[in-house]
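Trainee: I have not looked at this one before. Can you walk me through it?
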Amino acid sequence: MRLNASAPPRRSTDRLPLVLTAVLLLVGGLLLALPDRAGAAADVLISQGRPATSSSVEDGTFGPEKAFDGVSTTRWASAEGVDPQWIRVDLGPSATVSRVKLVWEAAYAKAYRVEISADGTTWTRLATETAGNGGTDDWTGLTGTGRHLRVYGTARGTSYGYSLFTVEVYGTTGTTPPPTGAFTVVAAGDIAAQCTASSSSCAHPKTAALAQRIAPSFYLTMGDNQYDDARLSDFRTYYDKTWGAFKAKTRPVPGNHESYDPAGAFAGYKSYFGAIAYPQGKPYYSYDQGNWHFIALDSNSFDDAAQIQWLKDDLARNTRGCVAAYFHHPLYSSGGHGNDPVSKPVWQILHAAKADLVLNGHDHHYERFAPQNANGQAAADGIVEIVGGMGGAEPYDIETVQPHSQKRISGSYGVLKLDLTDTTYTWQYVGVDNQVKDSAPTYTCH
């Protein structure tokens, strides 16, 4: 391979000059260590098992974490046919990088950069390749300090995407305390149809049993908790017999069906949940767990100036490092309801505040999206959205696949199992058959 004239030296594992040089030195009685080799000997692998993200994935089996798992046969693969693409790893505070080794799959980069950043926004270039031909690239003699390292591909070497078996980052790190706030949350929307466990086709008893088996710290619901008109009598007859078993540990939001109650919009919902759903006297509220700030919103009234001002004030007061918001109507969805622009102004506010995750229901399927902004553009600092409307209501078909949609499942009831730490989050979509239907990448909080 050719190197950019300004790039640092790189060793290729399929060359022998260092071995021959070592032999000559021994024969001549010269036991001096080569400077480059001595530096490499002191290198320590600091990237294995660290949280990783990427611009895209080919599918859920090729997540970015696979490039850092220490297994030579697993790999990250990006979406096909699109430039640029990137993969990055969070090395923790105070990382100093001296070497980066890349092992490419057949889908390699013809041109790419290795970059480092303290904040994940401003990047400093460590190495540049302009005529890559795959195989193994071993960049040595690097000097860079930061928290995040990324490989940024600008030109594919094939018609496919980018794929790396391994990204190994060597250097030193400061002392990073282990996360102290790790916890699990179960989430679902569109839950209790008007049926009971006496019917084998009734799904919400099964999703409730699954949710209890997972035994999370608490439960989130993303609206349409009770069908069809969410009367109090319906809540008591259906929802309460299943998901009501862990009502005290549930943090709900309303959906559009809660507004259909003939006794008055949200009357049954408010009577059933009481202060659980109205802890601050409104159908929107917030709370903290570990290093996470959760914001529960009422998307039926996103035109309410009071709720929007409350959201801005709440975000301004937040002191936690990770932010998740949840409400019923998704801005992006490939299901029957499709995209709902009513949520766009809220997305803009959340994105400006560096929110990480948005959870929605409304469409009765499971779907996850790559990070994007409120305008539907892929963005490294974008929000990850999950549609989780498979809690028990009749499934909807996938109709129009939206940009940045990474995985879609319809017809399989289940819940989201979210695993969160002080700095990262990931999740699985678990079916009522106890099988994991989808595993997400591990993301680092903004």
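Mentor: We can go through the aromatic rings, then the charges over rings, then the disulfides. Keep in mind that this is a predicted model.

Trainee: Rings, then. How many aromatic pairs does the structure hold?

Mentor: The count is 27 aromatic pairs. One of them is Phe218 with Phe294, at 5.4 Å centre to centre and with 85° between the planes, which is edge-to-face.

Trainee: Where do Phe218 and Phe294 lie?

Mentor: Phe218 is in strand S12 (residues 218–222), and Phe294 is in strand S15 (residues 292–296). The two are 76 residues apart in sequence, so the pair ties together separate parts of the chain.

Trainee: Is Phe218 buried or exposed? And Phe294, buried or exposed?

Mentor: Phe218 has 4% relative accessibility and counts as buried. Phe294 is buried as well, at 3%.

Mentor: Another pair is Tyr332 with Phe369, and this one is tilted: 6.3 Å centre to centre, with 45° between the planes. Tyr332 sits in the loop between strand S16 (322–326) and helix H7 (344–352), while Phe369 is in strand S18 (residues 366–369), so the pair links distant parts of the chain, 37 residues apart. Both Tyr332 and Phe369 are buried.

Trainee: Back to Phe218 and Phe294. Which residues form one aromatic cluster with them?

Mentor: The cluster also contains Phe183, Tyr285, Tyr287, Trp292, Tyr425, Trp427 and Tyr443.

Trainee: New topic. What sits over the ring of Tyr170?

Mentor: The charged end of Arg99 does, 4.5 Å from the ring centre. Lys247 lies over the face of Tyr272, at 3.9 Å from the centre of that ring.

Trainee: And how many disulfides are there?

Mentor: Searching the whole structure gives two. A disulfide is a covalent bond between the sulfur atoms of two cysteines. Here, Cys195 is joined to Cys202, S to S 2.1 Å, and Cys322 is joined to Cys445, also with S to S 2.1 Å. Counting bonded cysteines along the chain, the pattern is 1-2, 3-4.

Trainee: Why is the disulfide of Cys195 and Cys202 right-handed?

Mentor: Because the torsion about its S-S bond is about 80°. For Cys322 and Cys445 the torsion is about 105°, so that disulfide is right-handed too.

Trainee: Which parts does the pair of Cys322 and Cys445 tie together?

Mentor: Cys322 lies in strand S16 and Cys445 in the segment after strand S24 (443–444), so the pair ties together parts 123 residues apart in sequence.

Trainee: Are these cysteines buried or exposed?

Mentor: Cys195 and Cys202 are buried, and Cys322 and Cys445 are buried too.

Conventions:
Residues are numbered from 1 along each chain as its sequence is written. This is a predicted model: local features need pLDDT of at least 70, side-chain atom pairs count only at pLDDT 80 or more; totals for chains, interfaces and linings use all residues. Side-chain values use heavy atoms; hydrogens and water are left out. Rings of Phe, Tyr and Trp (its six-membered ring) pair if their centres lie within 6.5 Å; planes under 30 degrees apart count as stacked, over 60 as edge-to-face and the rest as tilted. Helices (H or I, at least four residues) and strands (E, at least two) are DSSP runs, numbered from the N terminus. Buried means under 20% relative accessible area, exposed over 50%, partly exposed in between (1.4 Å probe, protein chains only). A charge sits over a ring if NZ of Lys or CZ of Arg is within 6 Å of the ring centre and within 35 degrees of the ring normal. A disulfide is a pair of cysteine sulfur atoms within 2.5 Å.
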